Amino acid sequence: MHSSSTPPKNNTRSFSTWHRLLDWAQEHYRYRTFSKDAQIPTRAGLLYLVQRGTIRLNGTAETEPPSYPHQNSTPLEFQLQSGDETFLGFVGAGQPFEIVDRSPFTLQAFAHTDNTSIFWMYWHDLENFPSFRREILDSFRYQHQRKLLWLNTLGQRHTIERLLGYLTLLIEEFGEPCKEGYFLPFPLTHAQIASAIGTTRVTVTRLMKELREDRKAIHIKEDNLICLLSPPQPEQ
């Protein structure tokens, strides 16, 4: 399930280009595999690419929080101000990411699934792979578009609409088909969801039940995987 803003699959990234990159990364000792929840050692100025698995991005404020949130703050900004670790999103297989210094915030990357493999390079290394460089820039532009949609979702007044909008964005980007609709192929805790949409874990638990039982919008599969239900098709 992908929205219309999803970039088309590039069949010419091909197998050969990707394997050239992997061979190059392994030859230069720039390839590692991580277990679930392991922190990825990152450095500003490097480009990281996910070869397998999923990366989870978190942010933490380094400064003391204000005594009250600014009236114009978004839920995400307030969460970062509070000094708590805030879940910022995922990066899937085949996608790039970078960790940019944004004082007073610290950004961190973690392996969200077991056997998550990444490799990394300096930006100038892409000069050896000009067509791939264009793909990387296109991918970052796409990620920027998704962030704008996420900010729009965070602006929803009602928490349940933020929750449903957030789950929809995630499943649009990473979802896989199932008989009920489309599901997120990796687990997501209520605490992580709460951190992302600016509410509490208890509230997320209550609203997930409402989405499941009252609205019939979601279904929880085995292993606590979240499924967004497809609307019933009209009879012909």
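Colleague: Which residue forms a salt bridge with Glu 180, and how far apart are the closest N and O atoms?

Modeller: Keep in mind that this is a predicted model. The partner of Glu 180 is Lys 221, and their closest N and O atoms are 3.8 Å apart. A salt bridge asks for a Lys or Arg side-chain nitrogen within 4 Å of a carboxyl oxygen of Asp or Glu, so the 3.8 Å of this pair qualifies.

Colleague: What makes that pair a link between distant parts of the chain?

Modeller: Lys 221 sits in the loop between E11 and E12, while Glu 180 sits in the loop between strand E9 (176–177) and strand E10 (181–183). The two are 41 residues apart.

Colleague: Why is Lys 221 counted as buried?

Modeller: Its relative accessibility is 15%. Buried means under 20%, so Lys 221 falls in that class.

Colleague: Which of the two labels, buried or exposed, goes to Lys 216, and which to Ala 217?

Modeller: Both are found in the loop between H6 and E11. Lys 216 has 56%, and the line for exposed is drawn at over 50%, so Lys 216 is exposed. Ala 217 has 14%, under the 20% limit, and is therefore buried. Lys 216 has a positive phi too, of about 55 degrees, without being a glycine.

Colleague: Which residues does Ala 217 touch?

Modeller: Leaving out residues up to four places away in sequence, Ala 217 touches Leu 164, Leu 211, Cys 227, Leu 228 and Leu 229. Ser 230 is 13 residues from Ala 217 in sequence, and their C-alpha atoms are 8.0 Å apart.

Colleague: How many salt bridges does a search of the whole structure find?

Modeller: It finds 9. One of them joins the side chains of Glu 172 and Arg 146 at 3.4 Å, N to O. Glu 172 lies in helix H4 (residues 159–174) and Arg 146 in helix H3, so this pair ties together parts 26 residues apart in sequence. Arg 146 also meets Glu 173 in a salt bridge, at 3.6 Å. Glu 173 is in H4 as well, so that pair ties together parts 27 residues apart. Glu 172 and Arg 146 are both buried, and so is Glu 173. Elsewhere, Lys 36, Asp 37 and Arg 56 are linked in a salt-bridge network.

Colleague: How do you know that the span of H3 is close to what is expected?

Modeller: Helix H3 (residues 130–154) has 25 residues and reaches 36 Å from its first C-alpha to its last, close to the 36 Å expected at 1.5 Å a residue. Its buried residues include Phe 132, Ile 136, Phe 140, Trp 150 and Leu 154.

Colleague: Why do E1 and E6 stand at the edges of their sheet?

Modeller: The open sheet has 4 strands in the order E1-E8-E3-E6, with antiparallel pairing. Strand E1 (31–34) and strand E6 (96–97) each have a single partner strand, so one side of each is left without a neighbour in the sheet.

Colleague: And what makes E3 and E6 a pair?

Modeller: Strand E3 (residues 46–52) and E6 share 2 bridges in the antiparallel sense. Pairing needs at least two, so they qualify. Tyr 48 stands opposite Phe 97 in E6.

Key. Residues are numbered from 1 along each chain as its sequence is written. This is a predicted model: local features need pLDDT of at least 70, side-chain atom pairs count only at pLDDT 80 or more; totals for chains, interfaces and linings use all residues. Side-chain values use heavy atoms; hydrogens and water are left out. The expected span of a helix is 1.5 Å times one less than its number of residues. Buried means under 20% relative accessible area, exposed over 50%, partly exposed in between (1.4 Å probe, protein chains only). Contact means heavy atoms within 4.5 Å.
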